[in-house]
Protein chains: 2
Amino acid sequence: MSITDRRTLLQTAAGLPLLAAAPGSAFAQSAAPAPAAKPEAPKDVTRKLASYIVNAKYEDLPANVRKEGVRTILNWVGVAIGGSHHETVDIAASALGPFSGPPQASLFGRHERFDIMNAAFINGVSSHIFDYDDTHLKTIIHPAGPVASAIFAHAEMQPVSGKEFLNALVLGVEVECRIGNAVYPNHYDVGWHITGTAGVFGAAAAMGKLLKLNEQQMTWALGLAASQPVGLRESFGSMNKSFNPGRAASNGIFAAILASKNYTSSDGMIEAKRGWANTISTKQDYTEIVSDLGKRYESALNTYKPFACGIVMHPSIDAAVQLRNEFHLTADQIDHIDLKVHPLVLELTGKKTPREGLEGKFSIYHAVAVAIVEGAGGEKQFSNRAVNDPTIVALRAKVNPVVTPGVEPAQVDMTIVLKDGRSLHKYIEKAIGSVEVPMTDAMLETKFSDLADGILSAQAIRKSMDACWQIETLASAADIVKLSVAG
Amino acid sequence: MSITDRRTLLQTAAGLPLLAAAPGSAFAQSAAPAPAAKPEAPKDVTRKLASYIVNAKYEDLPANVRKEGVRTILNWVGVAIGGSHHETVDIAASALGPFSGPPQASLFGRHERFDIMNAAFINGVSSHIFDYDDTHLKTIIHPAGPVASAIFAHAEMQPVSGKEFLNALVLGVEVECRIGNAVYPNHYDVGWHITGTAGVFGAAAAMGKLLKLNEQQMTWALGLAASQPVGLRESFGSMNKSFNPGRAASNGIFAAILASKNYTSSDGMIEAKRGWANTISTKQDYTEIVSDLGKRYESALNTYKPFACGIVMHPSIDAAVQLRNEFHLTADQIDHIDLKVHPLVLELTGKKTPREGLEGKFSIYHAVAVAIVEGAGGEKQFSNRAVNDPTIVALRAKVNPVVTPGVEPAQVDMTIVLKDGRSLHKYIEKAIGSVEVPMTDAMLETKFSDLADGILSAQAIRKSMDACWQIETLASAADIVKLSVAG
């Protein structure tokens, strides 16, 4: 009997309980009509994806894809370092320490070492704590967390060249974003935290690539990944949110490691009738997964947040920073600031008198004021210090947001009226950090430096960023980690 | 700002990306109407369940519940030992060895030791390999796998009395079966392997009970469990099926350990709008979760498979074994055997000439013949040896199953016609192993012994079973593990 025969047989066997459970209510229920038939799915989705991952080479990546991959890495390393001393990370590290395997991999920004799965989990948590990581805007997936957490941990244990690493990262991001596209928005709308559910595929794919899985093993790795989706949106607002990319990373490693030893799964776990997409979403667009593989790159659409707050305030901060810099504005020059905004801005960020840094993230008044005074919107601008700074407190009282029909959430129309009577105007059509107006490399460096400040020395920050930019020439991608741990 | 305020704030913050992502298609999609409103859910489902788990005492358990809990433990230990040398377990142990933490817990039937999460995973795999573990027939959950795997591992690391252990096991089973009831059958029908999705709650609850979590921590543990559902039905027929209860066990431990250090989640992860039940099922019956806690015990409805094959063949094997024993039948006496069966029997198990043991599980012909010849239907009766035994091969050609209207899948009407002209008849209304006709303690012992034969010595098997029966008097539940590892 061939392996395929055996699998078919087992498949049938496993179906037995539903169809023929022993006496009890299960019988009655088994007679219920099956859910409405889905349109026929393309065949071999999982296998085609696996084949692509196994065969894709660094040399095949277009220059813009490589460049965006490098930027993704630099941005991710910055946020992972930045979040590394948050209470959430302290708790995770202390809880898991007693159960960790050998010290195979480091925590960014810290000194502890864990086995690769626990390290990947904690780094994934760390990188998402500030909601400041990268975003694939079509799906709201934060792609780097699950993928980079997994393969940086692995790279410390087994040598991985910078080129191999970049290739694996791009593939992982590609896989999760394509799978995300296939089920978004229904899958997200119903309640899944798509970063954790699609992310586990990305982690498994990237990890499997570095483990040099063959096509069958990669198919199984994707199947074991499909079996471990992570995260519900109800957890947003608790430590559980950053848990999700972290657990997606460790689950992806778990899947790839088992598959590497021929732990089997089904060959059609993504597309089969009782597979991932049908089970986890009411929308399935498999062409998003398999079309133009190696030609269309979702990873090239990755974006980075310039400001450490909800995206709804980004246009206003962008406008304020631009006007401040163009006119060398100081707070004492300003009479008042008028903003024409979308209703969501006041609905979500209408807090007039924030008292703590976190509350500042929900105050358009604070965000505009601090942007004028400090020319930025990073974590430091949403600290207890910033929201209680007398100059900023005084200025925020002069900010007048007005809900205005026709202004989209991505837009703002700002007029700053100065005490000398001048009126300065800025209209933002697409805020900085969008696909159309990407953050510059210099901005990414500033963001990285601000996040790592106080955790790494200025010199170490410089070296870590340089290593990220130069990853394609590194003999070992682990050099980036070595330069990014606490001294 | 209170912790509640902070959480509300963070919650709002976290909602931002959906409502106000930067320019791109996410905007258009955010304007789409929300899915149809669900009927209002009872409040505090997660918290009520947590409160029950935290406060439930061994002394409160009714005698029948304790008794069924003990039987659940004995049956589970038997199947965990029985599966422990399957290729699937060898692969899992070898793949995970290099990443395991300290040797905190044993593998049943083997000699390796792993950290508790990896040990729980592997024992969970081992116990489900033969599809021979316990079944909560209302949901087709196999309850012990996720729960017992988790808490046996923990009991080796920290002393747990037999009574505490039994109480935690019952609570874990209760939690997963009640949560399963709330979403079954829709949740299962769409494709989830409910043992892995509900099981992670059971593991987290039982583990959290032994870690003595307070109500808030238990609420978070359930929330972190909700974030980690495991398993899709498409994986049935591959090693991925037994992966699911194992991973549910380790995920549950992971959740409970983090919660024990105050790693937070939302307080309403089961019932909230974007929580588990709404996200993962089109049916939510929360009264199944919170009604009559401490009065109605789903765990008392647990059942055990007497035969190592799909339940659809159980009535026929039961009838054959009964007639064999009543009339001391031997194969050479038999002219032919007529069976009136439900159509599923032939549809699923119609293989006339199995050549390998596994194929025997899909042959009603073999199942009846081997039951007559050997008086049993255990793993040994579905071995390569058994399906090629000349006596059994000859007899199976004399088995005539006939699809008969009015016969339910749980039933069979068997007539054995002997060469001497006698006609022996047996009608099975409810097969052995059902709630109505439970396996006797002696049958459970025979099953255990058969499974452990060749792995433990006869003396060790006796001691292990005795320890299971006597768990309520054990100072340390870990004694059962010590008596169940390879010598």
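**Group meeting: a walk through the predicted model**

Good morning. Setting aside residues up to four places away in sequence, V368(B) touches S316(B), I317(B), A320(B), I337(B), L339(B) and V399(B). Please keep in mind throughout that this is a predicted model.

As general background, nonpolar side chains tend to be buried together in soluble globular proteins.

Let us stay with chain B for one helix, α4, which covers residues 63–82. What span should we expect from its 20 residues? At 1.5 Å a residue, α4(B) should span 28 Å, and its end C-alpha atoms are 29 Å apart, so the two values agree.

I turn now to chain A as a whole. Chain A contains 24 helices and 8 strands. Its radius of gyration is 24 Å, close to the 23 Å given by the globule rule for 487 residues, so chain A is as compact as a globular protein of that length. Along the principal axes, its C-alpha trace spans about 90 × 55 × 45 Å. Of the 487 residues in chain A, 62% are buried. If we take the contacts in chain A between residues at least 6 apart in sequence, 79% of them join residues at least 24 apart.

How is chain A divided into domains? Domain 1 comprises residues 1–33, domain 2 comprises 45–305 together with 471–482, and domain 3 comprises 311–428. The C-alpha centres of domains 2 and 3 of chain A lie 35 Å apart.

Next, some details of the backbone. In chain A, a cis peptide bond joins Y184(A) and P185(A), with omega about 5°. P185(A) lies in the loop between α8 (162–183) and α9 (186–190) of that chain. In chain B, the peptide bond from Y184(B) to P185(B) is cis, with omega near 5°. P185(B) is placed in the loop between α8 (162–183) and α9 (186–190) of chain B.

Two residues of chain A deserve attention for their phi angles. D131(A) is not a glycine, yet its phi is positive, at about 50°. It is found in the loop between α6 (116–128) and β3 (135–136) of chain A. Is D131(A) buried or exposed? It has 23 C-beta neighbours inside 10 Å, and because 20 or more are required, D131(A) counts as buried. I140(A), also not a glycine, has a positive phi of about 60°. This residue lies in the loop between β3 and α7 (144–157) of chain A. With 22 C-beta neighbours inside 10 Å, I140(A) therefore counts as buried.

Finally, a word on confidence. The mean pLDDT of chain A is 92, and 92% of its residues reach 70 or more. Over residues 1–37 of chain A, however, pLDDT stays under 50, and for this stretch the model has 77 contacts beyond four places in sequence. For the model, ipTM is 0.90 and pTM is 0.90. Thank you for your attention.

Note on methods. Residues numbered from 1 in each chain as written. Chains lettered and ligands numbered in written order. Predicted model: local features only at pLDDT ≥ 70, side-chain atom pairs only at ≥ 80, totals over all residues. Contact = placed C-beta atoms within 7 Å. Helix = DSSP H or I, 4+ residues; strand = E, 2+ residues; numbered from the N terminus. Expected span 1.5 Å × (residues − 1). Domains from an automatic or database assignment. Buried ≥ 20, exposed ≤ 12 C-beta atoms within 10 Å, placed from the backbone. Rg over C-alpha atoms; globule rule 2.2 N^0.38 Å. pLDDT = per-residue confidence, 0-100.
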